[in-house]
Amino acid sequence: MNDVLRSHHINFDQNLMGSTNQHLDFMLEIEGRIEEGKLKCYINHINSHYVNYLKVEKSKIIGSSIDNIKDDFTNIYYKIINYFLENSTEDSMNIYMKKDDENFEIANLEDIKDEKCQLWQIKAYAFSRDIDFLKAFISVKDINKELYSVKEKCSVKDMKSYTDKIMNLSDIVSNLSHAWRQPLNSLNFSIINLMDEIDSETKNCRLMEEYYREIWQIIKNLSSEIEKFNTFFEMDYKKENFDIKKYLDLVFEILEEKIKREHITVDVITKEKISQYGSPNEFIQIMYCIFFDIIEHCKDELDIDNRKLMIQISTNNKKVFFDIKINYNADKYKEYKLYLNHLSMFSNIIHKRMEGTIDLINKGTENRLIIGFPLDI
């Protein structure tokens, strides 16, 4: 019985050790004192994980100045202790730091989104203080693995949401019915005219031939429309060389009814024919979703006189770029900012699937979205 309990106890200890070692913090207690008009900081306590990282004996660190340890965070510790001494009402802080070249800086939201940025979370608590004396507990945590895990989960979720979005866009069905309505009416009239001519006593062969050709031309055009919309929903991304401008025009053709309904003006500028090797289906789908979001944004934020999209297509022989700019009255919309509801999803799809880039820029009156795809995916 004791052997069984001992075995379970050992397994429990091993499992506990394994779980706690996944994301160990650097933890220490620092004592700050004003000596001869200068701030001096000393280490009162430090955890074993931090000692192992520093590769020194714990007995040589306890009680010594933090200047004696070779650590990138030393200057930050000084700033934290100094902050608490100068702000007597503050007793805690939580900051995120990034390493820029050789120095640490406070990270912002964009740094957290950047997969290449190395980030640390620093928590500090002041628990004993006087005018020229302070003790603080500080923990430093490398959060890059956690952020990567969260980003990967978000990426998987975005991929699924994107696929669901493609397969369940009722707006596409609405555009399809719009594209078919007028041709079907014309087809109906042509068939009626042909039947009337066949039943007539005169039977004008030239006129019947004309109606017959008209009917088949309408059917051919409708078949072409079906193929265009089928391209949008096709999830088998076969790669081929395709004309960028041709397939971008197809995106706007699919969006035609929505563009008219929301009073959007689209101006596409390109100086040359650009071909890309990749999946035209995938290109159409992502560009449709992006422009759908842009149109929704314009509808919500701008009046009908300020909804003009200027799209410049260019290439540097390695990538093709789409510079999408919103033209609006800057005097009327002084605080205007461009944003997309699904920017994170688009970024994941373009980065992961298409090896491209997407950058949202809001600088003064410069509000634009720049999308880049490699010419050979």
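Predicted model: local features only at pLDDT ≥ 70, side-chain atom pairs only at ≥ 80, totals over all residues.
Residues are numbered from 1 along each chain as its sequence is written. Local features need pLDDT of at least 70, side-chain atom pairs count only at pLDDT 80 or more, and totals for chains, interfaces and linings use all residues, while side-chain values use heavy atoms, leaving out hydrogens and water.

**Overall structure**
- The protein has 12 helices and 13 strands (DSSP runs of H or I, at least four residues, and of E, at least two, numbered from the N terminus).
- Of its 377 residues, 41% are buried (under 20% relative accessible area with a 1.4 Å probe, protein chains only; exposed is over 50%, and partly exposed in between).

**Helix 11**
- Helix 11 (residues 280-301) is mostly covered, with 19 of its 22 residues buried.
- At 1.5 Å a residue, its 22 residues should span 32 Å, and the 31 Å between its end C-alpha atoms agrees with this (the expected span is 1.5 Å times one less than the number of residues).

**Glu29**
- Glu29 belongs to strand 1 (residues 26-35).
- Although buried, Glu29 has no salt bridge, and Lys135, the nearest side chain of opposite charge, is 4.3 Å away (a salt bridge is a side-chain nitrogen of Lys or Arg within 4 Å of a carboxyl oxygen of Asp or Glu).
- Leaving aside neighbours within four places in sequence, Glu29 is in contact with residues including Tyr42, His45, Phe127 and Lys135 (heavy atoms within 4.5 Å).

**Phe127**
- Phe127 lies in strand 5 (residues 119-130).
- Phe127 is partly exposed, with a relative accessible area of 49%.

How values were computed. Lys, Arg positive; Asp, Glu negative; His and termini not counted.
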